[in-house]
There are 2 protein chains.
Amino acid sequence: MSRTPLHPTREQIELPMVLDCLSDPIRLAIVYQLAQQERVSSELRCGDFNGLSGKSNLAYHFAKLRECGLMQTRVAGTNRFMRLRREDMDARFPGLLDAVIKSAAKDADRLQLMAGCEVVEAD
Amino acid sequence: MSRTPLHPTREQIELPMVLDCLSDPIRLAIVYQLAQQERVSSELRCGDFNGLSGKSNLAYHFAKLRECGLMQTRVAGTNRFMRLRREDMDARFPGLLDAVIKSAAKDADRLQLMAGCEVVEAD
DNA sequence: CCCTATGTTCAATGTTTATTGAACAATTGA
DNA sequence: TCAATTGTTCAATAAACATTGAACATAGGG
């Protein structure tokens with residue numbers, strides 16, 4: 001309850017909060033991976049990011065991403081699916097999200113953007 | 001000396017540091033005013049921002065803006081002139097600075113972007 | 001040479017932040 | 001019903017941050 005108060009409407013989304021959210025390497029990686037996925041499924045499970053940090057730390061970052069308006073969560077059974085609020089962001093700050101994602105892509109190696117990506121387990 | 005160690009080369013400029021810099025309302029206002037000025041003189045005196053905060057707090061923010069690669073300072077007598085490192089930013093992260101500035105312009109009233117602008121003194 | 005103006009540096013303060021592990025809640029499947 | 005899975009909440013910690021005022025440095029004008 002202390003971590004779920006906000007969830008801004010489109011108009012309530014604030015530029016400084018969005019930039020601050022994107023300035024954290026873990027959150028930037030989350031947003032980046034969601035953006036990559038956008039053409040395919042537009043959603044990822046929380047667990048898909050486990051490579052980036054511990055679960056409780058990720059929950060903290062997810063909350064921040066939701067509070068600033070970048071992400072939305074859909075509950076499905078014991079899973080949560082996250083997606084970018086792409087339309088709201090583009091309406092509110094045209095070109096911003098794309099510019100950030102392209103900038104991140106340029107530095108994909110420097111930033112460890114794909115650290116959390118599907119590790120294939122050899123059973 | 002403790003406050004002037006970095007001054008990244010173009011290649012050393014890091015996306016998270018830039019976004020973090022821009023996420024602070026005072027620094028965003030500084031960058032915004034410099035961007036507005038760009039067509040005219042491309043430079044502003046430190047003192048032109050005195051409306052945004054106290055001098056020592058501004059010096060702190062100026063240092064951050066320099067350290068992340070967004071700004072450059074030119075000393076001229078007892079004054080310091082600041083300008084955006086526009087070419088470096090555009091080369092490094094194409095479209096990013098413009099997207100941020102346009103986004104800030106959209107919210108110019110909400111963010112207090114022009115708070116530090118030339119107050120005309122009577123007398 | 002002093003006095004003023006301009007900025008920076010430093011130390012101190014209180015706030016916010018990221019990170020950790022343990023506890024908790026909810027759902028699923030045996 | 002029991003156990004396993006998924007993810008959130010909570011408390012604690014250390015680090016980073018923004019802000020303030022005082023001290024300092026430098027340059028320029030009388």
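User: What makes a pair across the interface of chain A and chain B count as a polar contact, and how many residue pairs does the rule find?
Analyst: The test is a pair of N or O atoms within 3.5 Å; within protein, one must be able to donate a hydrogen and the other to accept it, and residues adjacent in sequence count only if both atoms are side-chain atoms. Eight residue pairs pass across this interface, both residues at pLDDT 80 or more. Helix 1 (15–22), helix 4 (86–92) and helix 5 (96–106) of chain A each supply at least two residues of the side that touches chain B. Helices here are DSSP runs (H or I, at least four residues), as are strands (E, at least two), numbered from the N terminus. Helix 5 gives the most, with six residues.

This is a predicted model: local features need pLDDT of at least 70, side-chain atom pairs count only at pLDDT 80 or more, and totals for chains, interfaces and linings use all residues. Residues are numbered from 1 along each chain as its sequence is written, chains are lettered from A and ligands numbered from 1 in the order in which they are written, and side-chain values use heavy atoms, with hydrogens and water left out.

User: How many residues of each chain are in contact, and what area do the chains bury?
Analyst: 25 residues of chain A are in contact with 25 of chain B (heavy atoms within 4.5 Å). About 2000 Å² is buried between the chains, 59% of it on carbon and sulfur atoms. Buried area is the accessible area (1.4 Å probe) that two parts lose on being put together, summed over both.

User: What makes B:Glu11 and A:Arg110 a salt bridge?
Analyst: The cut-off is a side-chain nitrogen of Lys or Arg within 4 Å of a carboxyl oxygen of Asp or Glu. Their N to O distance is 3.8 Å, so the pair qualifies. B:Glu11 sits in the segment before helix 1 of chain B, and A:Arg110 in the segment after helix 5 of chain A. A:Glu11 and B:Arg110 also meet in a salt bridge, at 3.8 Å. The count between the chains is four.

User: Which residues are linked in a network of salt bridges?
Analyst: A:Glu11, A:Arg92, B:Asp107 and B:Arg110.

User: Is B:Asp48 buried or exposed, and how do you know?
Analyst: Buried means under 20% relative accessible area, exposed over 50%, partly exposed in between (1.4 Å probe, protein chains only). B:Asp48 stands at 15%, so it counts as buried. Its salt-bridge partner B:Arg45, 3.4 Å away by the closest N and O atoms, is partly exposed at 33%.

User: What does the salt bridge of B:Arg74 and B:Glu43 tie together?
Analyst: Their closest N and O atoms are 2.7 Å apart. B:Arg74 lies in strand 2 (residues 71–76) and B:Glu43 in the loop between helix 2 (25–37) and strand 1 (44–45) of chain B, so the pair ties together parts 31 residues apart in sequence.
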